[in-house]
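Dear colleague,

I am handing over to you the structure shown below, together with an account of what was found in it. Please read the notes with the sequence and the 3D view open beside them.

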Amino acid sequence: MTRDIAIVGYASTPPQTEVRETETQMLFPAVNEALERAGVTRKDVGFTCSASCDYLSGAPFAFVQTLEVTGAWPPISESHVEMDGAWALYEAWVRLHHGDIDVALAFASGITSRCNWREVSSVQLDPYYLMPLWVDDVSLAALQAQALIGSGKITEKAMAEVVARIRGGDAAALLDEPYVVEPLRAHDTPTMTDAGAAIILATGDKARELCEHPAWIAGIDHRSEAHYPGVRDLTLSNAARIAGEQAGVGKGPIEVAELAAQFSHEELLLREALGLGADVDVNPSGGTLASNPVTVSGLIRIGEAANAIIDGGRKRTLGHASAGPCLQQNLVCVLEGD
Amino acid sequence: MSVKTAVVGVGQTHHKKVRDDLSMAGLLREAAIRALEDAEMEWKDIDAVVIGKAPDPFEGVMMPEVYLADALGCAGKPIMRVHTAGSVGGSTAVVATHLVQSGVRERVLTIGFEKQSEGDTTWGLGGGRSGSVGAGGYFAPHMRAYIDRANAPDYIGPAVAVKDRLNALKNPYAHLKLPDITIEQVMDSPYVWEPVRRLESCPTSDGAAAMVLASEKVADASSKPVAWVHATAVRSELGQFPGRDPVDPQGGRDCAADVYGHAGITDPINDVDVLECYVPFSWYEPMWLENLGFAAEGEGWKLIESEETNFGGKLPTNVSGGVLSSNPIGASGMLRFLEAALQVRGMAGEHQVEGAKTAVGHAYGGAAQFFAMWVVRTEKP
Amino acid sequence: MAAEASWTLEFPYRRSLGPVVGGFFTGLRDGKVLGSRTRDGRVLVPPLEYDPETGESVQDGLVEVAETGVVTGWAWVTEPMRKHPLDHAFAWALVKLDGADSSLLHALDAPREAVSTGARVRIRWAGERKGHITDIACFEQENS
Amino acid sequence: MTDQQTDEKVAFMPQMVNLEYRIVTSPIHQRFDKQMREGRIVGQKCPSCGLVFVPPKGFCPLCAIVMTEKDEVAVKDTATVTSFTVITPIQYQGQKEREEYVLANLILDGADSSIGQQRIEGIPHHDVRMGMRVKAVWATPEERAGEEGGGMRGWGLTAAVKHWEPSGEPDTPREQYQEHIL
């Protein structure tokens, strides 16, 4: 039923620890570069969807400002999600099915350096039972890591090996570092960054015309878990598993998987939930552990997975996004080359 | 390749200043369960949920779709959240419609909500700083410019305020019930953002609106009348730039032209039976009547003067009572879409416009820069 | 103008609770722990208004469970953040109270070596209770 | 604990949400602010469409191209009121305004973009009108130094210009400003 839709251009700003310009200024180079890579202009874009989060800056309507990056005059067909940009891409993908337009833009921006994200993360929790305790994202991730270790599914050593692969260093030595929230050490937690990213989607012949090696969206799906951690089995990621099945991960071998694993143990859990074997190249970009601009990370994962096809010579890759505590929401996008 | 899509169930809360009897999840569930019951469905029948609301600091819960996922039956299912300011209820319904039209999902539950009583909206709009003028203070200069430009009589705004409040008496879910309201009373009420008077302004409400959108296959099996979606459109324009006309924004005109074109509407005032448009301040009714092509520029107020937008007029407008009677912000746009659907299903009860076959739902947001619309009909496209 | 300033976004929200959350908090104020029951009879503590697996409404009324239970999951906070419930190292613990089928997340004030899955704990009540999740000050070892 | 027993059900809970942020003033707004404190209003003129934006954004939102210091142009501190409202301040946590006041949208002489929410003083509220000519009332250098940094809008504008007052010039005809209500 679904149409042929491909990623034909992707760009992100180099992640920075502190952006000082405005969010819109930050976005300009990413949007411009994505358009250039796709060989289109703003006038060619039939639908735009953006993603941002007002609690990063503490002021409402980030997306009203960032709309200016689109040059929305004459008026454009546009929408916005207060979620990770991967869901903006999903909305654009749905919109392209109508067949009346052939190019869409999804972009996301996140400046995390102006808030204390660990504290802000509490504000997305159940407002009656969790938020008043100011449980933070690292603590919740640690609960899940401990559940996985306790079940025997993973070990701290395996977590350290994930970190060593991404950040460098010796896995054994990493285990000598102190805990932040046991069983998580600082290197198991994401490096928070500021970034903007943009992806251009195109349909069928238009995609072939614009791009030598379009990254076709073979399947895309997203799922949620229940929210409260005490009602879930934290050793499983059913949401990732179902999204992966629906996106058709298992229909062929995956060469590269870009996983929005903010914490080291999440990579191990996601590998299992998505059925990714040891032969899969996971997070060659460094992944979300190495750079986590909130609301942008997932879109970057999909962009990186697309680039592996567009100019990396790969044939089948996977981009993943997540949101909420303990990998509550998961989006999986399977991409294929011709 | 678009799948024909229909509204097969709707539900809304009883909107009030404070729904002190419910949690936030409870508020959404009241509307959602009514929509499921209307659609003769259960939670398990829903494939995906799309929710919408205005800025998160209004309730102080960031990305509330995270907390609300399983309250809306989404363990193992997709849930996403749209935010396009005041137009969000409309934009959210449009995304839900697209999910069905695209063939990606078959039965989608969409919900818009706001629980304004949890926090303070004027505070939230001002980012917590002093000097927030709220939406009314922002839009007041635009309304002044309209009155000046159209040379409209001063009682037009008050007349809209009275009409919508009297309409609300026929809607069991409406928040404000002012049975004795008169034009004189409105004109005697104090200015809040001159030229806007208190009684010409929307209330702050707690409320939610929900709809079940379904594919032709599902809709054809429904035992109740359904509302067929003939067209949807969204438009956004920059909030501020030289030459922008916020009184008659191009984005609104383009959005209307888009939905009319797809729905085969060539003569809006005669082709449309009922209009539900986003009027949070009374003067926006004549402004939108012009912007949406129901009247020529500068003539919108004449439709009000001649009572053509009243119940029984040529274009009954906001017969539900509109935003002026109930304003749970994130739901307000969806309520316009929902009420339009209710009318063409013939299920609006006391505020049913007899014989309504074609209805338009409209929402706007931001600096009058985000627009969402749909056209629904009794007949299948 | 300073290139940088600090700013506190601050608002005292007032949340209405409804019968289930409100019932639970009323119970806490009165020194009782109440759970909700799903249609298939599972007891949820803290109570949700819905079955988290299906979305179906829970049964009317709440049932009392014990103030003792077993740790089903934990994480040890070496350095509490300023808003955390305790100002010294503590554990976040998921505790399945006796009689409940789900686990409640709260702080556990115990030595590190006493924190483990399967450990028995009990509620330490706050000195002044007002109908809030912090009426449970934290958990502590059952035999302390 | 029996002294705490009451039959009344708990129906509400308070929730203080207090989050600390760093407000970072972008380099372009710092520069604008510095110029304002020096008594100059400087915008950016788009090299493509030629429109002048005040305050500068660092890009032209219509042409979607980046603008820099090279594109700076000074504009005057006189303006036309394109529309306005008299605000009755709504009282909420943190609100400092108590009395009615006038907020106007202005088009500065030499600029193409209007500026919103500018205070008009020195005239009875009911005499303010669309098309009225106004001039900036600048804060003294000492006053300009004291303003808190950051903020949501206006940057240096609100720090350096206390308010606007009638200039006494004849009103601007409507057709000259009605394209610039906002």
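In this predicted model, helix α9 of chain A (residues 238–247) is followed by A:Gly248, whose phi is positive, near 80°. The buried residues of α9(A) are A:Ala239, A:Ala240, A:Ile242, A:Ala243, A:Gly244 and A:Ala247. Among the elements that cover these buried residues are β8, α10 (264–273) and β12 of chain A.

Strand β12(A) spans residues 329–336, and seven of its eight residues are buried, so the strand is largely enclosed by the rest of the structure. Strand β8(A), residues 215–224, runs antiparallel to β12(A) and is joined to it by eight bridges. In this pairing A:Gly219 stands opposite A:Val334. Strand β11(A), residues 316–323, also pairs with β12(A) in the antiparallel sense, over eight bridges, and here A:Ala321 stands opposite A:Leu331. The hairpin of β11(A) and β12(A) has five residues between the strands, and A:Gly324 takes a positive phi near 85° in it.

I turn next to the interface of chain A and chain B. Here 55 residues of chain A are in contact with 52 residues of chain B. The two chains bury about 4,700 Å² between them, with 66% of that area on carbon and sulfur atoms. One salt bridge is found across this interface: the side chains of A:Asp221 and B:Arg105 meet at 2.9 Å, N to O. There are also 13 residue pairs in polar contact, counting pairs with both residues at pLDDT 80 or more. On the side of chain A that touches chain B, at least two residues each come from α2 (62–66), β3 (78–81), α3 (85–96), α4 (117–120) and β8 of chain A. The largest share of that side is supplied by α3(A), with six residues. By class, the side of chain A that touches chain B divides into 29 nonpolar, 15 polar and eleven charged residues.

B:Val94 lies in helix α3(B), residues 88–101. With a relative accessible area of 2%, B:Val94 is buried. Leaving aside residues up to four places away in sequence, B:Val94 touches B:Thr232, B:Ala233, B:Val234, B:Phe337 and B:Met373. B:Ser215 is 121 residues from B:Val94 along the chain, and the C-alpha atoms of the two are separated by 14 Å.

The remaining contact to describe is that of chain D with chain C. It takes 30 residues from chain D and 31 residues from chain C, and the two chains bury about 3,000 Å² between them, 51% of it on carbon and sulfur atoms. Two salt bridges are found across this interface, one of them between the side chains of C:Glu4 and D:Arg22 (2.8 Å, N to O). The count of residue pairs in polar contact is twelve, with both residues at pLDDT 80 or more. On the side of chain D that touches chain C, β1 (12–24) and α1 (27–37) of chain D each supply at least two residues, and β1(D) gives the most, with 13 residues. That side of chain D has 13 nonpolar, eleven polar and six charged residues.

Strand β1(D) also pairs with strand β1(C), residues 4–16, in the antiparallel sense over 13 bridges. Within this pairing, C:Leu9 stands opposite D:Leu19.

With kind regards

Technical notes:
Residues numbered from 1 in each chain as written. Chains lettered and ligands numbered in written order. Predicted model: local features only at pLDDT ≥ 70, side-chain atom pairs only at ≥ 80, totals over all residues. Heavy atoms only, no water. Contact = heavy atoms within 4.5 Å. Buried area = accessible area lost by both parts, 1.4 Å probe. Salt bridge = Lys/Arg side-chain N within 4 Å of Asp/Glu carboxyl O. Polar contact = N/O pair within 3.5 Å; in protein donor to acceptor, adjacent residues only side chain to side chain. Helix = DSSP H or I, 4+ residues; strand = E, 2+ residues; numbered from the N terminus. Nonpolar A, V, L, I, M, F, W, Y, C, P; charged D, E, K, R; others polar. Pairing = 2+ DSSP bridges. Buried < 20%, exposed > 50% of the residue type's maximum accessible area, 1.4 Å probe, protein only.
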